[in-house]
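Here is a short briefing for a first look at this structure.

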Amino acid sequence: MQGTIVNVAAVIVGSLIGLLIHSRLPKRVAGIAFQGIGLFTIFLGFTMSAKSNELLIMIMSIVAGSILGEFIDIEKHLEKGSELINRKIKTSEVKFTDGFITATLLFCVGSMAILGAIEEGLGGKPNLFYAKSILDGFSSIALAASLGIGVMFSAIPLLLYQGTLTILAKSLQSVLTQAIINELTAVGGLLLIGLGINLLGIKNLKVINMLPALLIAAVLTAVFG
């Protein structure tokens with residue numbers, strides 16, 4: 001769990017820096033930095049999605065996962081959780097939920113989160129998590145400067161998500177084949193493209209409700225891959 005703890009600390013520190021410079025940073029500067037994060041997110045998504053060797057599994061996963069997620073309405077539940085945290089800390093920030101959800105997706109949905117958990121779960125040194133910590137730390141500065149304190153609280157789901165993945169990787173190391181990792185990475189890439197589109201304000205996609213696609217991709221690859 002050492003890699004995850006370092007990653008969480010980087011997000012918290014980066015968010016604090018972003019909050020400190022928020023009042024001193026002109027809106028146009030914060031805006032262009034935010035757009036840069038959006039462009040990078042789309043680039044990262046395309047790079048990851050190209051790892052798929054089974055396009056049929058990818059499209060089945062994203063469609064079926066989106067339908068399942070919409071039926072459960074994951075986004076609504078996450079928004080309620082975010083609003084609960086917002087009330088508990090008694091902040092008046094109107095962008096709290098946007099910051100919390102955007103940062104959670106950016107930090108959790110990616111190949112480095114999955115591969116880093118596998119690396120550490122199998123007993124290796126968490127080099128991927130260390131590299132991810134640097135990227136997430138800088139990203140959290142830009143996000144927190146634009147979206148506020150909600151970004152810092154994304155450290156909570158990040159800890160739970162990567163910690164759980166690391167424990168699962170340790171117990172399921174014989175099941176996690178390279179084919180499953182590739183398809184998880186590819187579907188995660190599609191979700192990041194959607195997140196990037198949201199960050200750039202092109203269209204508001206319900207990326208949160210598409211998250212079950214990751215689970216479906218793993219199952220389909222294990223059965224048919």
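In this predicted model, the side chain of E120 reaches the backbone nitrogen of Q2 at 2.8 Å. The E120 side chain also reaches the backbone nitrogen of G3, at 3.1 Å.

**Around E120**
- E120 sits in helix α6, which covers residues 111-121.
- E120 counts as buried because its relative accessibility is 11%, and the cut-off for buried is under 20%.
- Leaving aside residues up to four places away in sequence, E120 touches M1, Q2, G3, T4, P126, F129 and T166.

**Nonpolar core**
- The largest nonpolar core holds 45 residues, and L105, F107, L143, F153 and V187 touch the most other members.
- Helix α9 (residues 178-199) gives the most to this core, 9 residues.

**Largest pocket**
- The largest pocket has about 820 Å³ of space.
- Its lining counts 30 residues, with Y161, L165, L184, L214 and L215 nearest the centre.
- Helix α8 provides the largest share of this lining, 7 residues.
- The lining of the largest pocket has 28 nonpolar residues, 2 polar and no charged.

**Second largest pocket**
- The volume of the second largest pocket is about 530 Å³.
- Of its 26 lining residues, F34, K95, D98, T102 and L147 are the closest to its centre.
- Two or more lining residues come from each of α2 (27-49), α4, α5, α7 (127-147) and α9.
- The largest share of this lining, 5 residues, is from α5.
- By class, the lining of the second largest pocket has 13 nonpolar, 7 polar and 6 charged residues.

Terms used: Residues are numbered from 1 along each chain as its sequence is written. This is a predicted model: local features need pLDDT of at least 70, side-chain atom pairs count only at pLDDT 80 or more; totals for chains, interfaces and linings use all residues. Side-chain values use heavy atoms; hydrogens and water are left out. Helices (H or I, at least four residues) and strands (E, at least two) are DSSP runs, numbered from the N terminus. Buried means under 20% relative accessible area, exposed over 50%, partly exposed in between (1.4 Å probe, protein chains only). A polar contact is a pair of N or O atoms within 3.5 Å; within protein, one must be able to donate a hydrogen and the other to accept it, and residues adjacent in sequence count only if both atoms are side-chain atoms. Contact means heavy atoms within 4.5 Å. A nonpolar core is a set of buried Ala, Val, Leu, Ile, Met, Phe, Trp, Tyr and Cys residues joined through side-chain atoms within 4.5 Å. On a 1 Å grid over the protein atoms alone, a cavity is a set of points where a 1.4 Å probe fits but cannot get out, and a pocket is an open set with protein on both sides within 12 Å along at least five of seven lines; lining residues have an atom within 4 Å of a point. Grid points are joined across faces, edges and corners, and a volume is the space filled by probe spheres set on the points. Ala, Val, Leu, Ile, Met, Phe, Trp, Tyr, Cys and Pro count as nonpolar, Asp, Glu, Lys and Arg as charged, and the others, Gly among them, as polar.
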